[in-house]
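Thank you for sending this entry over; my notes are set out below as numbered points, for you to read alongside the coordinates.

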Amino acid sequence: MARSTPERKALRSLVWLLVIIVALIGANGASVAFNNGAWTPKLALDLEGGTQLILTAQLESGAQPSQEQMDQAVGIIRQRVDAAGVSESEINTQGGTNIVVSIPGSPDEATLERIRRSAQLEFRPVLAADLASQSTIDEGADPSASPSPDGTGPLPSASDPSVAPSASAESEAAPDGPAEEGVTEENPAPTPSVEPTDASDLNWISPELQERFEGFDCATLDETGTNIAPRDEPLITCEEQGEQDIKYILGPVEVTGEAIDGATAGLVPSSTGATTNEWGVFIDFDGEGSQQFRTVTERLVALQGVRNQFAIVLDGRVISAPQTNVAITDGNPQISGNFTQESSQTLADQLRFGALPIGFELQSSENISATLGISQLQSGVIAGLIGLLLVVLYAFGQYRALGGVTVASLMIASVLTYLVITYLSNESGYRLSLAGVAGLIISVGVIADSFIVYFERIRDELRDGRRVDGAVEAGWRRAFRTILISDVINVIAAIVLFVLAVGNVRGFAFTLGIITVIDLVVVALFTHPLMQLVARTPFFTNGHRLSGLDPKALGAVYRGRAQFRPSVEVGATKKASSSREAQKRQTIAERKAAQERGEGTDA
């Protein structure tokens, strides 16, 4: 099979570049058509303004949060915001008890929920429930049916949640219990004089607690401070179930959110392993949490009625109270219930990044104006255009017609950059800040540096006597290694800066890294193929004096500091009379090259 000619390789590279550009245009078009995208990048807080939230720490009367708690809360909230796909946000402490979160644009409700929820996750055993306020069902009946006339039947959760271990575990039916309100076989009267032996012991329910429970109104839950309740005491709280709420008396906390290693959202499998349409959250406990959860579920599985249930409490409110069908020994339970894809992902993000060390309440939410504004963006764009103009003037002054290749390459790089930034803005929530604009401006120099390295390598090959087309190929092989190493170093620096920095500095690092990658694409798929094509035109092949590749003009070898030595192709008499002086002025590399040519030295 015949080897492809340089022209075919060049055309193939240009076609691939065209495919990339068309794909980016199509991706942005799809975002505009189906995802409320735009053909222009979104702007960050400093250029557009946005929404400011003030969260106030909720502690017991007279208590003050420590600086360590506040700093930890700031870090967790920042992770939540980043997970929501919102970039260029600002999160700071204020006055020792407040956290100020400034988000560019108008965030959706899911993003706001990620921020303001404390995500204090607790696992508490159920001691009692207000069964009169929830529906009960006969065995084998439809869970959505009305309670039986006699009010008996097993106790379900209205959302029918379940806790399950691995997919291979077999569930057992939970025992039935009566559904009568007050003191029943299911909720027997405690003996207050006896100390509780474990978190499921009914002796936690004192007469005073029972009285509070009977008069508790779930509508007042937000005002009762359940999100800051002591962990070592029983808790009265509620679970929302549509139009009706369920009241619970829960035992002390047995497993906390700090024991969670990770959490993901996904579709809950059925008992046979088939995927259902129900969304849930899959939790992965650490070693200690796995052992704690195993101990608790082994105890609960032997209990009956509501005491068989295990309440999952988020910020003082029950989000699910599943029955314990089997003991979970692998530390991988799942939370299922009235979840949507969005709500399950929100909860998973909150649990994955950890609970806030203290509870917070949303104090205020308001729109804020841009700190810099469009005028600063225009100033940055003007500065970038001035820098680009200087690069173009230098390219034409130094490389003559080769400057046209530089300009064309810069234009292609600009198109790719705009399309990539716009796509990331539409799909990943990226926002362009003034620091990001600065990264784009500096990247012009990064791209221009690659062209200079390539062109100088071509000139070196011409000085060694190669033809223009051969010099282009040989110069590319030598230049690409240098360009690749330089760009890899820039990308590493950008990644390190992005990881270690916060705020607007990350925007600078992000754009710098993006442009560096685009530089490699442009040089490989446009600049070099274009040089392969133009090198075969008579204007460059014949070494026109305006081509920038004139062999006669390149006869003098650059020595540094604007000094040149005469070409080796001078008259024999003049060469002999000045050989000693020329040899003294030669660099080590030039002397070695002369020796290889057999010229020798007199020194």
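1. Contact, as the word is used in this note, means heavy atoms within 4.5 Å. The model is a predicted one, and the points that follow should be read with that in mind.

2. Asn-28 lies in helix α1, which spans residues 6–34. Its relative accessible area is 0%, and Asn-28 is therefore buried, the cut-off for that class being under 20%. When its neighbours within four places in sequence are left aside, Asn-28 is in contact with Trp-39, Leu-419, Thr-422, Tyr-423 and Asn-426.

3. Helix α9 (residues 402–428) packs against helix α10 (residues 434–463) at an angle of about 140°, and the axes of the two helices are 11 Å apart. Angles over 145 degrees would count as roughly antiparallel, so α9 and α10 are classed as oblique to each other. The crossing in which α9 passes α10 is right-handed.

4. Which residues meet where α9 packs on α10? From α9 come Leu-402, Val-405, Thr-406, Ser-409, Leu-410, Ala-413 and Thr-417, while α10 supplies Leu-440, Ile-447, Phe-451 and Phe-455. Sorted by type, the residues of this contact are eight nonpolar and three polar, with no charged residue among them.

5. The phi of Arg-400 is near 55°, a positive value in a residue that is not glycine. Arg-400 is placed in the loop between α8 (374–399) and α9, and, because its relative accessibility is 38%, Arg-400 counts as partly exposed.

Key: Residues numbered from 1 in each chain as written. Predicted model: local features only at pLDDT ≥ 70, side-chain atom pairs only at ≥ 80, totals over all residues. Heavy atoms only, no water. Axes fitted to C-alpha atoms, helices over the stretch in contact; angles between N-to-C directions. Helix = DSSP H or I, 4+ residues; strand = E, 2+ residues; numbered from the N terminus. Parallel < 35°, antiparallel > 145°, perpendicular 65-115°, else oblique. Left-handed = near helix turned anticlockwise from the far one by under 90°. Nonpolar A, V, L, I, M, F, W, Y, C, P; charged D, E, K, R; others polar. Buried < 20%, exposed > 50% of the residue type's maximum accessible area, 1.4 Å probe, protein only.
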